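Student: I would like to go through this model term by term. Please set each value against its cut-off before you conclude.

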Amino acid sequence: MADLGRAALLLTLGLSAYALVAGAAAAWLGRRRLAHSARNALYASFFSTLVASVVLVAGFVRDDFSLAYVAGHSSRDLPLQYKLSAFWGGQEGSLLLWLLVLTAYASLAIWFARRRAADLVVWVTPVLAGIGVAFTWLLVGVSSPFDTIAAPADGSGLNPSLQNPYMVIHPVFLYLGYVGLAVPFAFAMGALLSGRTDERWIVSTRRWTIVAWTALGIGQLLGAHWAYQEVGWGGYYAWDPVENAALMPWLVATAYLHSVMIQEKRGMLRVWNVTLVGLAFCLSLFGTFLTRSGIVSSIHSFTQSGIGPWFLAFVVNAVVFTTVMIWLRLPQLRTSAKLESLVSREAAFLYNNLLLVALCLTILWGTAWPIVSEAVRGEAVVVGRPYYDFFLRIFGLPLLLLMGIGPLIAWRRASLQGLARVFVWPAGVALATGLLLILLGAGSSIPGLIAYTFSAFVLATIVLEFARGTAARRALTGEPVPVAFGQLVGRNRRRYGGYVVHASIVLLAIGVAGSSAYDSVAEGRLTRGESLTVGDYTLTYRALTERDGANATEIRAVLDVRRGGDDLGTVAAGKNAYSAEQQVSNEVGIRSDLLTGEDLFVIAEQVRDDGAVFFRVFVKPLVNLIWLAGLVFVLGSLITLWPDAREERRLATRYARAGEPADRPAT
Amino acid sequence: MSVWLALGAALAVALVVVVALPFLREPAPPSDSLHELTAAERERLEAQEARDRALAALKELEADHRAGRVSDEDYRSVIGVVRRDAADALRRLDRVEGARTGGAKSR
Amino acid sequence: MARSSSPARLVVALSVAAVLAVFLLYTSLAGGGTPSVAPSELKGKTGEVSLVGRVVGTPSGDPHGGGMRFTLEDIEGHQKERVTVIYKGSVPDLFRTGRDLVVTGTRQADGTFVTTPGSMITKCPSKYQAAESSA
């Protein structure tokens with residue numbers, strides 16, 4: 001088995017290397033058959049990577065512990081779904097998944113663009129192949145998942161904290177996000193290499209970018225939910241380097257998704273857009289370097305192998321390549337369109353971009369500060385939560401406000417009087433909400449109050465937008481309200497899908513502000529029958545149970561929950577002791593109030609032999625809105641992504657002549 | 001073990017054939033050069049993009065004005081520029097296309 | 001922002017860059033951030049630091065009572081210096097003799113290290129490779 005896996009990876013390396021060299025030669029010399037052959041090699045590299053992946057999956061399913069990787073990440077009594085997810089439970093498998101996703105994206109993106117942007121695809125192929133070569137080299141030469149050992153009787157098991165449904169899908173979404181950013185990067189570089197700086201690279205990658213960005217966002221939310229439920233310290237985001245590594249490219253991709261609209265509508269910011277795409281990709285590589293090299297300490301520490309320097313080399317290469325290409329093509333990227341006014345849609349998007357990039361760079365600075373300070377002062381200094389929270393407020397709150405303003409300002413230039421008229425309703429709603437919240441006692445946290453006021457403002461503008469749009473359409477067509485509403489969204493998917501995504505970000509902001517600015521906490525050691533009060537909840541420790549699960553002993557402390565005079569049932573918190581892995585994990589008890597979105601969060605920190613338990617209990621208002629935001633986010637993305645036949649036809653006409661297939665004779 | 005190695009070798013052969021396919025299918029094509037856009041075609045493409053952009057801007061401004069997103073005075077101050085841009089873009093496309101057909105005739 | 005063809009863009013970019021630079025200098029040099037040191041480097045350090053080390057010996061005491069005592073030594077190198085740590089608050093699941101961890105606190109006059117309650121972060125043992133994966 002291992003032989004086939006190794007052979008398949010070697011094949012992938014050969015095929016990507018061929019696609020890189022032959023693809024570059026074909027593009028340079030203008031050889032049609034060679035270009036086609038390079039493209040086929042790229043498709044084939046996906047297939048051989050798939051074969052290697054199937055071999056590894058088979059190794060896990062068949063408990064083939066002669067594979068060192070399987071022996072190190074699985075055991076006989078591990079449930080099947082975790083045997084499958086153990087595939088990406090370690091570094092070698094993670095890299096293989098990276099490569100599988102990359103070759104899949106590359107093949108699909110090239111396949112879909114091969115007619116509409118044939119002359120561009122010729123140049124994109126070697127770029128994608130180059131990225132593939134880098135990753136395959138790591139799998140073949142540095143860190144192979146197919147190393148064999150004398151098979152032990154049983155494997156050493158999977159880290160208990162990874163034995164969770166979230167860990168089955170969370171890494172997959174993150175990879176889909178990270179790796180997906182390679183597609184817009186490759187097309188942007190292909191456009192620069194070929195000098196085809198028209199809009200085809202944007203049109204060809206629009207959906208891929210949104211898919212990658214959505215996957216990255218969902219992956220992070222799943223990770224946050226996992227941390228919340230499984231790691232059990234009472235939070236969901238710790239500003240850890242590994243978490244920041246995923247957040248940074250997401251922020252830059254968000255900036256790009258906005259600024260690209262200015263290029264599409266006004267033809268401006270062409271250099272900026274290419275820069276953002278390059279930055280997003282380089283950041284995803286840099287994040288990998290940070291976490292894999294062990295150069296900064298993280299809660300999630302990975303095995304420190306020789307892989308770090310390689311990634312540093314990749315990052316440096318990618319940065320240099322991007323910079324050189326942009327520099328060389330500056331003349332082609334020049335445009336005549338200019339920013340006409342500082343009060344306009346373009347300007348609002350520009351502010352949004354600057355804030356997003358500033359936020360990203362401050363996070364990068366904080367994440368890299370231990371390295372920088374070590375080099376400068378000889379002492380690694382770690383910046384903590386206050387640093388990140390400070391900048392999240394400084395840059396995040398204006399961003400929230402802009403989310404309400406941006407979509408309503410006219411392109412080119414808007415007068416302040418006109419703006420005042422457009423915003424009178426949302427501003428009124430926001431002020432009323434703010435006053436109401438102060439009366440309700442939300443003034444205890446000023447940032448929280450500001451966040452809620454801004455959120456009310458944005459939600460009001462979004463509702464107003466849908467209402468205005470529907471009314472205008474009804475006035476034009478006389479359709480009934482539901483039809484007009486459906487037509488409005490269906491005919492402007494990107495715009496109204498975008499509003500839905502905005503609504504999800506507002507929900508996220510409300511959830512984050514509620515659970516971090518207005519939470520309460522209590523702790524204490526209880527013996528059976530004793531109670532603890534937190535917020536308006538009273539918890540009474542009733543019983544301690546113990547039970548043998550599939551691969552762990554589960555100890556649970558059961559508590560009665562009361563609020564006011566109401567009996568709310570019980571909540572159980574405890575610990576699992578995993579036998580194969582010889583490890584204990586905290587299992588928190590969470591009681592969600594679906595009506596208010598509030599969570600009661602119970603940690604049994606210490607269970608003593610005499611049955612006394614040390615509890616730590618949080619009340620987290622509105623925290624469930626964060627998870628709801630994830631669903632709304634997906635809905636918004638789907639609306640945006642849904643194919644629009646009208647737009648497809650328009651683009652097909654525009655590119656009919658430009659995209660003659662490169663694999664047909666050129667007459 | 002050898003079974004797996006043989007499978008690997010078979011995979012290698014199959015994939016190499018896929019890669020070589022363009023050459024196997026056309027051992028001696030009349031032309032092996034890539035279709036490149038001529039300067040005129042590229043200019044036409046960019047003119048089309050500019051036209052689409054300008055017309056979309058005009059359409060959006062009208063819709064925004066109708067929906068009440070853009071006030072009357074803002075609309076009046078911008079509509080002239082947007083219309084002129086659209087007219088410019090259309091004229092540019094006409095000129096480019098005219099040059100192209102003209103060139104074809106003279107050939 | 002390579003070509004600032006419009007003065008407005010230049011102004012915006014420069015102002016933001018300036019604001020950013022001020023903030024960065026302020027927070028990184030004046031405030032925020034705790035130095036991260038190994039047990040052998042702790043001597044002479046005053047103020048709050050993050051201590052990174054490996055647990056040796058057997059921990060004793062109650063983290064939710066009078067405090068848990070354990071000993072840390074350098075993870076790398078041959079330094080023999082050890083630090084006694086007094087810790088209160090939640091103890092992560094992975095805490096055990098032989099594991100690497102980070103605690104934040106201050107060194108006392110008697111050489112012991114008293115931590116900020118709940119500041120312990122364990123690093124995953126090398127046997128496991130937590131796939132909170134970023135690549």
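This is a predicted model: local features need pLDDT of at least 70, side-chain atom pairs count only at pLDDT 80 or more; totals for chains, interfaces and linings use all residues.

Student: Is the crossing of α1(A) and α1(B) left-handed or right-handed?

Tutor: The crossing is right-handed. The term is left-handed if the near helix is turned anticlockwise from the far one by less than a right angle, and right-handed if clockwise.

Student: Which residues of α1(A) and α1(B) meet?

Tutor: From α1(A) they include A:L4, A:L11, A:L15 and A:Y18, and from α1(B) they include B:W4, B:L11, B:L15 and B:V19. Two residues are in contact if their C-beta atoms, placed from the backbone, lie within 7 Å. The residues of this contact divide into 13 nonpolar, 1 polar and 1 charged. Here Ala, Val, Leu, Ile, Met, Phe, Trp, Tyr, Cys and Pro count as nonpolar, Asp, Glu, Lys and Arg as charged, and the others, Gly among them, as polar.

Student: How many residues of chain A are in contact with chain B?

Tutor: 49 residues of chain A are in contact with 46 residues of chain B. The largest share of the chain A side, 11 residues, comes from α2(A). That side divides into 24 nonpolar, 9 polar and 16 charged residues. Of the 2 pairs of chains that touch, A and B have the most contacts. Chains B and C do not touch, and their nearest C-alpha atoms are 18 Å apart.

Student: Why does the radius of gyration of chain A agree with a compact globule?

Tutor: The radius is taken over C-alpha atoms, and the globule rule is 2.2 Å times the number of residues to the power 0.38. For 667 residues the rule gives a value near 26 Å, and chain A has 27 Å, so the two agree. Chain A has 21 helices and 10 strands.

Student: What does the rule give for chain B?

Tutor: A compact globule of 107 residues would have a radius of gyration near 13 Å, but chain B has 27 Å. Chain B has 3 helices and 0 strands, and its C-alpha atoms fill a box of roughly 80 × 50 × 15 Å along the principal axes.

Student: What makes α9(A) roughly antiparallel to α10(A)?

Tutor: Helix α9 (residues 200-231) and helix α10 (residues 241-266) of chain A pack at about 150°, with their axes 10 Å apart. That angle makes α9(A) roughly antiparallel to α10(A). The crossing of α9(A) with α10(A) is left-handed.

Student: Why is A:W239 called partly exposed?

Tutor: A residue is buried if 20 or more other C-beta atoms lie within 10 Å of its own, exposed if 12 or fewer, and partly exposed in between, with C-beta atoms placed from the backbone. A:W239 has 18 such neighbours, so A:W239 counts as partly exposed. A:W239 is in the loop between α9 and α10 of chain A, and its phi is near 55°, a positive value in a residue other than glycine.

Student: Why does A:L622 count as buried?

Tutor: A:L622 has 22 C-beta neighbours inside 10 Å, and therefore counts as buried. A:L622 lies in the loop between β10 and α20 of chain A and has a positive phi of about 65° although it is not a glycine.

Technical notes
Residues are numbered from 1 along each chain as its sequence is written. Chains are lettered from A and ligands numbered from 1 in the order in which they are written. Helices (H or I, at least four residues) and strands (E, at least two) are DSSP runs, numbered from the N terminus. Axes are lines fitted to C-alpha atoms, for helices over the stretch in contact, and angles run from 0 to 180 degrees between N-to-C directions. Angles under 35 degrees count as roughly parallel, over 145 as roughly antiparallel, 65 to 115 as roughly perpendicular and the rest as oblique.
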